[in-house]
Amino acid sequence: MPDTPVALLEDPTVARLVGEVPGLTILSGAQPADVLARVEVYVPRFLADGPATDVLANLTNLKLLQLATAGAEAWTGSVPAGVTMATARGAHGKATAEWAVGALIAVLREFPGFVLAQAERRWTQHSTDMLAGRSALVLGAGDLGSEVRTRLEAFGVSVTTVARTARDGVRAIDTLPELLPHHDVVVVMVPLTEATTGLVDAAFLAAMPDGAVLVNAARGKVVDTDALVSELRSGRLRAALDVTEPEPLPAGHPLWEAPGVFITPHIGGSTSGAADRAAAVVRAQLQRYVSGEELQNVVSGAGY
């Protein structure tokens, strides 16, 4: 093996798409213990369910854990001290934002109901809501939040962005109580952290106006599922969910039968070209690592 820094890209597809990076030895697939001990950069599988703790235990020279996903919560607490963890922010924002807007339109235009009517050969002509002219609150000002804001504004939606701290064009999280009653759409695009777990609770949902739509493209644990089911059953709120808690959603869970909800199985970022986009982010990061440049998308706290 050449005497150069070693990067282990666990997913052969991502490794193939990344290709060669001058100054770095790139490996993929299972490796013997002596090779793992030389690995400085580890890129887990693109859709890994969680930390491969058995692999991490053997990466005694690890410097950088580079994820191919935008979320990092599955790895929190498993990263060895002194190891930098970074996400693939920017790889999946456009696809996820597209899902959020498409799912929102589906709820407003009642597409799921029309699909059922089509299957039953029933002609159910009636008026529906529309997206244009709505006011939306986007919770999260990162890549995902920015991408969904751009798309909503293109549909003629007035958008307010909220994040942990206020900055130019972004309201602070502590202004939510005063903002929620004045927005008939809430799109959740925050990472799952200790601060965001259960953020959308009963009080949050109660502050939303009658007929409002909650769109969750973040993580299921950001939303209090029982509180949401209660609001849906009352008919006061509607929802579009790409993520749930628990996930996968068990067959007997009451969320399946709640009125006014459209559920997809966590496919927001799963589109054609997803692996290519993740590989592009990984490759750029590997090039920065080799050249000693500042790394991007480093997970450093609960910021959103």
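**Exercise 1: The chain as a whole**

Task: Determine what share of the contacts between residues at least 6 apart in sequence joins residues at least 24 apart, and describe the overall build of the chain.

Solution. 
Step 1. Of the contacts (heavy atoms within 4.5 Å) between residues at least 6 apart in sequence, 57% join residues at least 24 apart.

Step 2. The basis of the values must be stated. The model is predicted: local features need pLDDT of at least 70, side-chain atom pairs count only at pLDDT 80 or more, and totals for chains, interfaces and linings use all residues. Residues are numbered from 1 along each chain as its sequence is written, and side-chain values use heavy atoms, with hydrogens and water left out.

Step 3. The chain contains 10 helices and 12 strands; these are DSSP runs, numbered from the N terminus, with helices being H or I of at least four residues and strands being E of at least two.

Step 4. A compact globule of 304 residues would have a radius of gyration near 19 Å, and the 21 Å of the chain agrees with this. The radius is taken over C-alpha atoms, and the globule rule is 2.2 Å times the number of residues to the power 0.38. Along the principal axes, the C-alpha atoms fill a box of roughly 70 × 45 × 35 Å.

Step 5. Buried residues account for 46% of the 304 residues. Buried means under 20% relative accessible area, exposed means over 50%, and partly exposed lies in between (1.4 Å probe, protein chains only).

Step 6. There are 23 positive and 33 negative side chains, and the centres of the two sets are 4 Å apart. In this count Lys and Arg are positive and Asp and Glu negative, while His and the chain ends are not counted; each charge is placed at NZ of Lys, CZ of Arg, CG of Asp or CD of Glu.

**Exercise 2: The loop between β11 and β12**

Task: Identify which residue is joined to Glu245 by a cis peptide bond, and relate this loop to Thr244.

Solution. 
Step 1. Glu245 and Pro246 are joined by a cis peptide bond with omega about 5°. Pro246 sits in the loop between β11 (238–241) and β12 (261–263).

Step 2. The peptide bond from Glu247 to Pro248 is also cis, with omega near 0°, and Pro248 lies in the loop between β11 and β12.

Step 3. Thr244 is placed in the loop between β11 and β12 too, and counts as buried because its relative accessibility is 8%. The Thr244 side chain reaches the backbone oxygen of Pro246 at 2.7 Å. Apart from neighbours within four places, Thr244 contacts Gly220, Leu249, Leu255 and Ile263.

**Exercise 3: Positive phi values**

Task: State where Arg121 and His266 lie, and classify the exposure of each residue.

Solution. 
Step 1. Arg121 is in the loop between α5 (111–119) and β6 (135–139). Phi of Arg121 is near 60°, a positive value in a residue other than glycine. With a relative accessible area of 76%, Arg121 is exposed.

Step 2. His266 occupies the loop between β12 and α10 (274–291). Phi of His266 is near 55°, again positive in a residue other than glycine. His266 counts as partly exposed, at 30% relative accessibility.

Technical notes: Polar contact = N/O pair within 3.5 Å; in protein donor to acceptor, adjacent residues only side chain to side chain.
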